[in-house]
Amino acid sequence: KYGLSRTWKVLLDLIKIKFLVDFSSRSTALFGLWSAPFWILGMIFIGVDLYDLRHAQLLTHDSVVILGTATLYIFLAFTLVSFGYLTELIIKTGDYKQNKILGDLSWIRKH
C-alpha cells in the first residue's frame, strides 16, 4: 500500500493543499506570479526587436517573428492577470466558503 511509487502522489497532494491554503482568497497574486516571466520575456523580445530595427534599418522576417512572439508572451501575461482578477471576483461575490471546499484547516496555519 505504501511503497516508494506513492511518494510522488503524496508530494503533489501536499503542494496542492499548500496552494489552496495560501492562494484561495488571493488568487490574483498567484496568477500575477505566473504571468511575470511571460511579461519579462515579452519585454526582452521587444527590446531585441527594437535593437535590430534600429541597427538593421529594415524589416526582416526575423524581426516579424520576434515581434509576434513578444506580442504572444505579453498577451499571455495579460490573460493570466485577468484570469486572476476574475477568479478573485468570483470568490468574493460567489457562494464560496473556504471551510466548505477545504474543510477545517485551522490546524495548518499557525498564528
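Is Tyr73 buried, partly exposed or exposed, and what is its relative accessible area? Tyr73 is partly exposed, with a relative accessible area of 25%, where buried means under 20% relative accessible area, exposed over 50%, and partly exposed in between, with a 1.4 Å probe and protein chains only. Before I go on, please keep in mind that this is a predicted model, in which local features need pLDDT of at least 70 and side-chain atom pairs count only at pLDDT 80 or more, while totals for chains, interfaces and linings use all residues. Residues are numbered from 1 along each chain as its sequence is written, and side-chain values use heavy atoms, with hydrogens and water left out.

Let me start with the overall picture. The chain has four helices and zero strands, and reading along the sequence gives the pattern α-α-α-α; helices here are DSSP runs of H or I with at least four residues, strands are runs of E with at least two, and both are numbered from the N terminus. Of the 111 residues in the chain, 18% are buried. The chain exposes about 9000 Å², of which carbon and sulfur atoms supply 70%, the areas coming from the Shrake-Rupley method with a 1.4 Å probe, and for residues only the protein chains shown count as cover. If we take the contacts with a separation of 6 or more, residues 24 or more positions apart account for 78% of them, a contact meaning heavy atoms within 4.5 Å.

Now to the aromatic residues. The structure holds four aromatic pairs, counted when rings of Phe, Tyr and Trp (its six-membered ring) have their centres within 6.5 Å, with planes under 30 degrees apart called stacked, over 60 edge-to-face and the rest tilted. One of them joins Phe31 and Trp34, an edge-to-face pair at 5.4 Å centre to centre with 85 degrees between the planes. Both residues lie in helix α2 (residues 27-56), three residues apart, about one turn of the helix. Phe31 counts as buried at 11% relative accessibility, whereas Trp34, at 42%, counts as partly exposed. The rings of Phe45 and Tyr73 have their centres 5.8 Å apart and their planes at 0 degrees, so this pair is stacked. Because Phe45 lies in helix α2 and Tyr73 in helix α3, the pair ties together parts that are 28 residues apart in sequence. Phe45, at 26% relative accessibility, counts as partly exposed. I would also point out that Phe31, Trp34 and Phe83 form one aromatic cluster.

Thr87 is buried, with a relative accessible area of 17%, and, not counting residues up to four places away in sequence, it touches Ser27 and Phe31. The side chain of Thr87 also reaches the backbone oxygen of Gly84 at 2.9 Å.

Finally, the charged residues. The structure holds one salt bridge, defined as a side-chain nitrogen of Lys or Arg within 4 Å of a carboxyl oxygen of Asp or Glu. The side chains that meet in this salt bridge belong to Asp13 and Lys16, at 3.9 Å, N to O. Both lie in helix α1 (residues 7-23), three residues apart, about one turn of the helix. Asp13 is partly exposed at 39%, and Lys16 counts as partly exposed at 49%. Asp62, by contrast, counts as exposed at 57% relative accessibility, and its place is in helix α3 (residues 61-93).

Definitions and conventions:
Polar contact = N/O pair within 3.5 Å; in protein donor to acceptor, adjacent residues only side chain to side chain.
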